[in-house]
Amino acid sequence: MYLTLDEERALEGEYGETVRKSMEILVALGKIYSADRLIEVESVQISGISYRNIGDPGIEWLESLNARVRVPTLINPAGMDIHRWQDMGITEEFARKQMRILNALKKIGAKPELTCTPYYILKPSKGDHLAWSESSAVIYANSVIGARTNREGGPSAIASALTGKTPRYGMHIRENRAPDVIVDVNLKLKSHEYSLLGYMIGEEVGDRIPLFIMKGRPSEEDMKSLGAGLASTGGIPMFHVKDVTPESNEFDMPKERMVVENLENPQGCEDPDLIAIGCPHLSGRELKKISNLLNRKVKKELWIFTSRYVRNRIPEVIRKIEMSGARVYTDTCMVVSPATERFGCVMVNSGKALCYLPKLSGLRVKFGSLEECVEEAMK
Ligand code: F3S
């Protein structure tokens, strides 16, 4: 793998031990994936930073880092709302350790925007190279924006943040972004069904990039849900929607085709004690829709997740939602926080939450549309 003189120097330790180790990680990754060289990235997103995921060894490693990020770096949701963790039922010990993780990341210069929708804050452009790591953010960046990022692990994302580089392989190379299979969707989908479609098709396509042919034009939020579902049950970092996503007409049509005639709605339980919306984190437009649907007090716990960035921009909408008794939490989500573990049956409108809540928290899950979720909370 070709390295510039400056990269060689970094690898020899000229910029300190943390940068040397970071460069070592990137070069090792590059060799595994036969990258020809390193390329510069515009931004980084670091995931896997909930104390629930990385525990004490993770804290010690993060606190040992002694360098500053070289490109804008955001962080994925943590295990709690950093201001309202008590309200969520998070223990003091968990909160203390989670704050140590966040302080270590702030010390290296990462921005404490704890979200899986970094594209609402950083807004990359088509063709930008990134080193992002949360699967729904990665698939959105590649597919809906046309930026280029592999799905980084926690250490490789941090290595990219501290060097501003990533090895050139996978999604950074145009030919690897071509669709492998046409998925003909013979249905007119409602918004929440994009999420279900992703959940269903992810497993079937595996690591092949699908080119969807849809009846009707999905919104950006529909594609956010579709991507999150796809990336949770499948391993893919990209999809195309014919005539909608920016690279959908740049490649030859694949020969393989599958047809979707109907969607199954898997129901793990009937009577939810928690309704959780916001996986991935909600946009301002989605929050406005929820505030309009909430026309009376909620009778069940309704937790809504978004980024602090989005929350702070629409205080009136948030106030109206919370007047109903619902809670709008930031910095975290129903999957990465241990707060949901005390419930038995959770209702969601997200294919990704449907996939992970049973696996990670042992919860039973009911799936419904946004409207049905809000209605269930007010019942
Ligand atoms: Fe985001 Fe959490 Fe879902 S990180 S995509 S809200 S699992």
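Let me start inside the fold, where strand β5 (residues 181-185) and strand β6 (residues 210-213) pair in the parallel sense over 4 bridges, strands here being DSSP runs of E of at least two residues and helices runs of H or I of at least four, all numbered from the N terminus, while pairing asks that DSSP find at least two bridges between two strands. What we are looking at is a predicted model, in which local features need pLDDT of at least 70 and side-chain atom pairs count only at pLDDT 80 or more, whereas totals for chains, interfaces and linings use all residues. Residues are numbered from 1 along each chain as its sequence is written, and side-chain values use heavy atoms, with hydrogens and water left out.

Within that pair of strands, D184 stands opposite I213 in β6. The two strands belong to an open sheet of 4 strands, in the order β7-β6-β5-β8, with parallel pairing. Because β7 (240-241) and β8 (256-260) stand at the edges with a single partner strand each, one side of each is left without a neighbour in the sheet. Helix α8 (residues 191-205) packs on this sheet and touches β5, β6 and β8, and its direction makes about 150° with that of β8; contact means heavy atoms within 4.5 Å, and such angles, from 0 to 180 degrees, are taken between N-to-C directions of axes fitted to C-alpha atoms, for helices over the stretch in contact.

Let me turn to the domains. The chain is divided into domain 1 (5-174), domain 2 (178-260) and domain 3 (274-378), with bounds that come from an automatic or database domain assignment. Between domain 1 and domain 3, the C-alpha centres lie 26 Å apart, and 26 residues of domain 1 are in contact with 29 residues of domain 3.

Strand β10 (residues 301-306) pairs with β11 in the parallel sense over 4 bridges, and F305 stands opposite Y329 in β11.

Which residues surround the ligand? They are N76, P77, C116, E134, S136, G278, C279, P280, C333, V335 and K352, where a residue is near a molecule if one of its heavy atoms lies within 4 Å of it. This shell draws at least three residues from each of domain 1 and domain 3, and its largest share, 3 residues, comes from strand β9 (residues 274-282). The shell divides into 6 nonpolar, 3 polar and 2 charged residues, counting Ala, Val, Leu, Ile, Met, Phe, Trp, Tyr, Cys and Pro as nonpolar, Asp, Glu, Lys and Arg as charged, and the others, Gly among them, as polar.

Two backbone details deserve a moment. The peptide bond from C279 to P280 is cis, with omega near -5°, and P280 has its place in strand β9. K123, in the loop between α5 (92-107) and α6 (135-145), has a phi near 45°, a positive value in a residue other than glycine. As background, most residues other than glycine have a negative phi, and most peptide bonds are trans.

I will finish with the cysteines: C269 and C345 form a disulfide, their sulfur atoms 2.1 Å apart, the rule being a pair of cysteine sulfur atoms within 2.5 Å. The link joins distant parts of the chain, with C269 in the loop between β8 and β9 and C345 in strand β12 (residues 345-348), 76 residues apart.
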